[in-house]
Amino acid sequence: MIFVVRRASPTIVAIIHPNLPPTRAIAAQIGYGENGWFRVRQELIEEIQQNHDLYSAVFPADDWPNRLVILLNWFEHTAPDSHWMEAMTLGIVIATRYNLVLHTFDADVYGCFTHLPLRSPPVPLEYRREIAIARVNNNHFVQVFLQPQYPLPPIPIWWERNALDETIGWAADYEARLLLWYEVMGINPPGAAFGGDID
């Protein structure tokens with residue numbers, strides 16, 4: 001499968017890997033290997049439980065932190081619908097836990113986001129990890145490998161509302177590339193709103 005965004009030329013974004021459940025895609029991207037999905041689920045549960053107040057502020061409605069823990073708490077190979085990862089919601093948790101930038105892509109341009117860490121100062125660009133996944137076939141994901149200076153999908157507005165002061169440099173480093181996304185996609189750059197689930 002190939003997912004491409006073009007800006008006249010050359011190709012800016014290309015996706016190369018086969019369908020995976022989201023935790024397998026994340027595990028592969030952070031160096032755990034596809035079979036590290038079990039470890040990713042455990043670490044995300046730990047991240048939410050250890051920082052419950054922070055995630056309660058990010059997701060104030062309907063006891064979201066506990067709901068996310070329930071979603072993640074499945075360690076069989078095939079997860080039922082009730083335990084599918086919600087990559088849009090968990091994007092901020094993944095970015096914060098692993099201190100990286102996570103891009104989540106969807107067929108709907110308004111479902112594409114850039115997730116940044118909530119509580120750590122920015123890592124210098126040359127050492128920064130930027131990973132990406134895209135949803136396909138409703139509940140499967142592909143790993144995404146991005147070419148240099150690719151346009152960035154928007155940062156959800158709730159990151160700005162909840163990130164600690166020392167994290168603001170993460171977004172500042174990306175201003176031009178965030179604007180490029182809107183130019184490439186042919187849409188106006190409004191504030192990114194919380195847009196629901198990816199899966």
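**A tour from the end of α8**

Start by selecting G186: this residue follows helix α8 and has a positive phi, near 70°. (Helices, H or I runs of at least four residues, and strands, E runs of at least two, come from DSSP and are numbered from the N terminus.) You're looking at a predicted model, where local features need pLDDT of at least 70, side-chain atom pairs count only at pLDDT 80 or more, and totals for chains, interfaces and linings use all residues. Residues are numbered from 1 along each chain as its sequence is written, and side-chain values use heavy atoms, leaving out hydrogens and water.

Now step back into α8, residues 175–185. Its buried residues include L178, W181 and Y182 (buried is under 20% relative accessible area, exposed over 50%, partly exposed in between, with a 1.4 Å probe and protein chains only).

Next, pick S120, in the loop between β4 and β5 (130–136). Is S120 buried or exposed? With a relative accessible area of 16%, S120 is buried. Show N99 too: a polar contact of 2.4 Å links the two side chains. (That's a pair of N or O atoms within 3.5 Å; within protein, one must be able to donate a hydrogen and the other to accept it, and residues adjacent in sequence count only if both atoms are side-chain atoms.)

Last stop: colour by pLDDT, the predictor's confidence in each residue, from 0 to 100. The protein averages 78, and 77% of the residues score at least 70. Over residues 192–199, though, the pLDDT is below 50.

Note on methods
Contact = heavy atoms within 4.5 Å.
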